[in-house]
Protein chains: 2
Amino acid sequence: QVHLVVAVPQELPFDRLGRFACNISTMKRYHIAKVYRRDSPATSRGRYREFYQCDFDIAGHFDPMIPDAECLKIVHEILSELKLGDFLIKVNDRRILHAVFASCGVPESKFLSTCSSVDKLDKMPWEDVRSEMVGEKGLSPEAADRIGEYVRLHGGLDLIEQLLQDPTLSQNKLAKEGLGDMKLLFEYLTLFGITRQICFDLSLARGLDYYTGVIFEAVLVQQENEHVEEPVSVGSVAGGGRYDGLVGMFDPKGRKVPCVGVSIGIERIFSIMEQRVKASGEKVRTTETQVLVATPHKHLLGARLKLISELWDAGIKAEMLYKKDPKLLKQLQYCEDTGIPLVAIIGEQELTDGVVKLRVVTTREEVRITFYTRIQKSRLSHSCRSCVCLALEQGD
Amino acid sequence: QVHLVVAVPQELPFDRLGRFACNISTMKRYHIAKVYRRDSPATSRGRYREFYQCDFDIAGHFDPMIPDAECLKIVHEILSELKLGDFLIKVNDRRILHAVFASCGVPESKFLSTCSSVDKLDKMPWEDVRSEMVGEKGLSPEAADRIGEYVRLHGGLDLIEQLLQDPTLSQNKLAKEGLGDMKLLFEYLTLFGITRQICFDLSLARGLDYYTGVIFEAVLVQQENEHVEEPVSVGSVAGGGRYDGLVGMFDPKGRKVPCVGVSIGIERIFSIMEQRVKASGEKVRTTETQVLVATPHKHLLGARLKLISELWDAGIKAEMLYKKDPKLLKQLQYCEDTGIPLVAIIGEQELTDGVVKLRVVTTREEVRITFYTRIQKSRLSHSCRSCVCLALEQGD
């Protein structure tokens, strides 16, 4: 389960001897593009090896947790803006997890496999995870029980303070570093005003072994109802963390470039949004076309071309059928099929009167607007109703 | 020199026997993405096998020349909006070219190789092209001379009318079809109001052998000066045409899907734009950041985080250095290096007074604006000067 995207500048910085001579050591970038995952495809669940992802990363030597906080702010902003419903961003730190494992008596060689067991806590009850740790991973039952005490903790700044006082963890250098950074992170997130949706969760482990510090994962949570007490996760939609060692592995001189980044699962988000639109009975639209330019009878292709050209020039998203003499019914049907909200109809009568008939597809409301005043951007606002109103106010 | 992009829907429409069962027969799409060209790379001229291209295509059975005209309208719009200077879109039709070749006595087996000679007329004088035709391609000198009479013609509707009366071409079925469509195209382009930059040019051939009808190519032309009489082409920036046979080649049942499309050479366009910006002495910017949030002394990271968060929430593109206590000079230097036009400075005094100091980087003009009225989107317009004025008017 490796989904790595290495962003390389367009002109590869090889020197004259063909050595990779990249001196870029700081970078902030995003991209929305295809990524690849070495994984068994699960076609029925829409899980492919090739898929679209949206990544945001900050690379470079900076003061602790400032870029990390920005990543979380961006995830928070994206999920809020998209109005996907309630969400929760779980945060943890690999160093804290490792310190917990060490203090519970897990040998270092079993850290990564223990991580992958802990990572299943969001899908399996603790008892099953414990069985896996003891049965498959070879941990002692005592070690597993002690891990269980920690990984079921979650909270905010209060939990961080509590763990900083923990008799075992407070003796551990890695734990102190991790908890210190976590405290700093929560201070910054408080200034960003986003802590309500962020939870320090010791069960978050994330499978990828290149993470070195803070890790995070955003999940959508079901709206509470009478049957459910705690919010239920309905799936991860973003995840990421700090990976300070990865870039150095590819540098011949081993120079370290610390990085923190996040991946937004846009395919999953799109499919959720699509389901919501469908459930609400609305049409899932694949274009943003605002208006179809239509004619009610023959020999009016010229009038359509002239009008659509004016609309395009005014920045309005307009379409017309690529037919010389389409039937009006076909044109209206096309709007219904594709969800285009408005039709601008121009016939002989309209040409003579110098007007355009603007029709709202759903309500069949119609209004005649003067052709010569030219349709302006502001006339076609998002809401059809207000557009017709505006046209009514300003029209002839 | 093949640069093909085949757009495939995300979920591949294979049927249960694994047969490609795509029933999509109409499509209008664009994309900006990497494409690949089997060609000898010319690294020094920035010509690689892998490069970015912007494509727009319309597929489907439609009435003649309506989608073709839309492609040209889009090229015209893109080149006008980007303000790249004067440009010319050359248009021709493969059927007209073939009819010309046939009527000049070129055997059909030599049509494609003759095309590729004619295609060089924008880079070589007619004499050299003629030598190539006779010497390398094996045409008779008479055939070459007769071709020369045609391929040096260019004009508009008048030339189309003239060729429709041409004693040889008017006898040729292909020529009549091509010229008929060309006339229709120019009528539509007249309605779109873009014929001033469009030229019917019989020397345009385009190398790719999949074109079946109209072909076009946009070139930037040098501003006229006293030494140059005719506008000089400084390079092709877009090209395309109709390819009605290509999709059918990949369909097991051989169903035809007529297509017309255009490729915009965005890498070339970007490099031209970059050169222009550099020549004007301005900074080439790689981000659109409007304002840097800065502090003049230590212990103010919290104030910066709070302010930048408010700016982000208001939709303003803001950055800050990822340092706890950066020097003011470093922060101002960063703006100069990256071309960020504004700095929002917040120090102890500003915190006490509840204001932010907004500074224009180039002029060092400064204005204090009340923190509590919150900075609104409209305050940071494109022009720094007007933004400071706005802030002055509305500030404390």
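1. Buried here means under 20% relative accessible area, exposed over 50%, and partly exposed in between (1.4 Å probe, protein chains only). This is a predicted model, in which local features need pLDDT of at least 70 and side-chain atom pairs count only at pLDDT 80 or more, while totals for chains, interfaces and linings use all residues. Residues are numbered from 1 along each chain as its sequence is written, chains are lettered from A and ligands numbered from 1 in the order in which they are written, and side-chain values use heavy atoms, with hydrogens and water left out.

2. Helix α4 of chain B spans residues 126–135, and its buried residues are Trp126(B), Val129(B), Glu132(B) and Met133(B). They sit on the same side of α4(B) because they cover an arc of only 125° around the axis; the arc is that of the directions from the helix axis to the C-beta atoms. Glu127(B) and Gly135(B) are exposed, on the face turned away from the buried side. Helices (H or I, at least four residues) and strands (E, at least two) are DSSP runs, numbered from the N terminus.

3. What do the buried residues of α4(B) pack against? Their partners are α3 (111–118) and α5 (141–151) of chain B, with contact meaning heavy atoms within 4.5 Å.

4. The contact between the chains takes 32 residues from chain B and 32 residues from chain A. About 2900 Å² is buried between them, and carbon and sulfur atoms give 63% of that area. Leu191(B), Trp312(B) and Tyr322(B) supply 28% of the area that chain B buries against chain A, more than any other three residues. Buried area is the accessible area (1.4 Å probe) that two parts lose on being put together, summed over both.

5. A salt bridge is a side-chain nitrogen of Lys or Arg within 4 Å of a carboxyl oxygen of Asp or Glu. Over all chains the structure holds 44 salt bridges. The interface of chain B and chain A has 2 salt bridges. Asp313(B) and Lys73(A) meet in a salt bridge through their side chains, at 2.8 Å from N to O.

6. In chain A, salt bridges link Asp93(A), Arg95(A), Lys173(A), Glu177(A) and Asp181(A) into a network. Asp93(A) and Arg95(A) form a salt bridge with their closest N and O atoms 2.8 Å apart. Asp93(A) is buried, at 1% relative accessibility, and Arg95(A) is buried at 15%.

7. In chain B, Arg95(B) forms a salt bridge with Glu177(B), the closest N and O atoms lying 3.5 Å apart. This pair links distant parts of the chain, 82 residues apart: Arg95(B) is in helix α2 (residues 94–103) and Glu177(B) in helix α7 (residues 173–191). Buried or partly exposed? Arg95(B) counts as buried at 15% relative accessibility, whereas Glu177(B) is partly exposed at 34%.

8. Lys34(B) and Glu50(B) also form a salt bridge, with the closest N and O atoms 3.0 Å apart. The pair is 16 residues apart in the chain, Lys34(B) in strand β1 (residues 27–36) and Glu50(B) in strand β2 (residues 50–59). Lys34(B) is partly exposed at 36% relative accessible area, and Glu50(B) is partly exposed at 35%.

9. Arg37(A) lies over the face of Phe51(A), 4.0 Å from the ring centre. In chain B, Arg37(B) lies over the face of Phe51(B), at 4.1 Å from the ring centre. The rule asks for NZ of Lys or CZ of Arg within 6 Å of the ring centre and within 35 degrees of the ring normal.
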